[in-house]
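Subject: Structure handover

Hello,

Here is the structure you will be taking over. My notes on it follow below.

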Amino acid sequence: MTDRLIFDRINRWIIWERIFVRNRAFKAIFLIFLFLFPYLIFAQEGMEEAEQNTLAPPDTIAEILSPTEIKASDTPNDAGENITVQWKSPEDEVGVIVGYEIFRSEEKETGFEITGFVGKATEEFKNRTQDGVEYYYKVRTKTKDAKFSPFSEVSLVAVSRPQFFHTGRINVLVAVLVFVSLLMFFVSTAKKGKSLFIRRIAGLDALDEAVGRATEMGKPILYVPGLSSMSDVATIASINILGPVAKKVAEYESTILVPNRDPIVMTVARQVVKESFLEAGKPDAFNEDMVFFLTDSQFGYAAAVDGIMVREKPATNLFLGMFWAESLILAETGNMTGAIQIAGTDAVAQLPFFVTACDYTIIGEELYAASAYLSRTPVLVGSLKAQDMGKAVLIIIMIAMFLLAIVNAVFFIATDTGNAFLSRIISFFQGLFKV
Amino acid sequence: MRRKIPLTIAFVFGIVMIIQFFIPHPVSRDFYQTMLDWRIIVIAFTYILAVSSLIRIHINKVRRKKTGWGFSYVTLISLTVTAVVGVIGGCFQPTQITTWLIEHFNWQIEQRTVLMVIFTYIQIPMGATMFSLLAFFIASAAFRAFKARNLTAIILLLTAFVVMLGRVPIGELITKRLPEVLQLQNIVEWILNYPNMAAQRGILMGVGLGMMATALKIILGIERGYLGGGD
């Protein structure tokens, strides 16, 4: 029995083995099926997906959704002649919408003409208009295959008008008023004779030494008032320093060379140097050619000043004002000629170059403090105090914002009311700095 | 009187321009535009002064045979030639003379005027030459700045080394297997975005207030240095 069973099993195995293993045709069909199976599954899924996709795009114009909630209003804080149209885009899961066409009319019911087109990501359109004229707007959606939705409802009437006050700049106005108040307060305090402390600024202290050195060596002083125009505050600050320096030069009966890139700066600088020589009691020592124009080309100017440094070998080089890429070209050439160099700028990117190549560097705000520092006039010193106080106010606001943001994030993130309250305070502070 | 008039002008126009900043009305906008036009006119006149100053200085140099007086000839000739070519041949659009010359001599020039030829093939390459010197000056300045003389200089040197290495592909390559925080490019990003940015913003804040203070001092007549002399 047992033998027979074993025999039967072996026999069956042989039969199966013949069918499945030895049969090449079956093997080929099996392998093909094995490889095709996943493909067939995915293909089936893809077909279902494609079927879904082909079902989604609208077949008729009526199926494309129109924009809703259309609003048209005078553009705020502008010079008039402009209306802002806003709407809510329809849901577009499949991505058939390419944009929106905006129509305008002076009548509510008729006469609408296309006035603009915006892309699908936009829900706002600024339209150039005529002031005092009433306008109505409606919008429709455009699809990839150039189909259009029905029009949205017509907006309420909108009229453009110019504004007399930019409400978005109230924060700037408040800041200016606060700063002017601080300025007036400290200036009046200084006028009353109260002594105000100013920290030492090495670069400005060295000016006397630099002028003296040039006098001793019998060589000129080179004063570069930056490359910017007179509308740059850094140039004005530089001109304010030029006055005392030129006066010192006149007192020591030395020579100063002031090459310029901007013709207005040249005119102002010439007048300042002339007045300083007059004030020092040496009007005859002044020569108009001390202050001269070179070129308005940036690197042409740099090349010319380098040439002056190499030929004339000034004992002192002063680079004060606004500088760009030429800063290191000037400072390194001056360094090679062995001159004592004092630089000052508010261009943050140029400061490392000046720090590296010059003996003293007047950094950022120190440039603006220079005239007060050099003259020690009480009213000017008072203005420095106002500046410091303004900075203190800013630092306090920033620390407050920083702490509020941390408290908001750590303690109230889960509580809606607390979070919203602190968020409002934070956005208020943020709004203070937004222009 | 010599001081009162400029101070009054500075005060009146300063205040008016501040007010103008807060008014978007077309009247205010037109006023601002008029001021800009006036500025252009003033600049045009000051250019006459500037060029006359340039010519006088170089003529004096040639006369007195000062050091490098030969270069003064180059300046004067270049100035004259460029001005004449610009006036006769036109700046951006060719004049009739240029058009006639181009047609008559069959000139093949990409630029439409001779002045633009001078600008494109002489001035721009010369400017680029000066600018390219910056690379060598940066190298020499960096060599001087990165000498490890004291603790601060050592910190500067190390930071510069890390930033430079992190900015080149090899820096990224050598720290690729380290945790993300220790990868050089991330360290560099952190240095630039936090300590460096904090320092820059500190300076910029002071600069902003300084600008505001200087402008107000000039408008209010507290600062008179730009008029020359003290009081």
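In helix α7 of chain A, Phe299(A), Gly300(A), Ala302(A) and Ala303(A) meet Gly127(B), Met130(B) and Phe131(B) of α5(B); contact here requires C-beta atoms, placed from the backbone, within 7 Å, and helices are DSSP runs of H or I with at least four residues, strands runs of E with at least two, numbered from the N terminus. The axes of α7(A) (residues 298–312) and α5(B) (residues 114–145) cross at roughly 60° and come within 8 Å.

This is a predicted model, in which local features need pLDDT of at least 70 and side-chain atom pairs 80 or more, while totals for chains, interfaces and linings use all residues. Residues are numbered from 1 along each chain as written, with chains lettered from A and ligands numbered from 1 in the order written. The model has ipTM 0.91 and pTM 0.82.

Chain A contains 12 helices and 13 strands. Buried residues (20 or more other C-beta atoms within 10 Å of their own, C-beta atoms being placed from the backbone) are 37% of its 435.

Chain B has eight helices and zero strands, and 14% of its 231 residues are buried. Its C-alpha atoms fill a box of roughly 70 × 55 × 50 Å along the principal axes.

Regards

Definitions and conventions: Axes fitted to C-alpha atoms, helices over the stretch in contact; angles between N-to-C directions. Contact = placed C-beta atoms within 7 Å. Buried ≥ 20, exposed ≤ 12 C-beta atoms within 10 Å, placed from the backbone.
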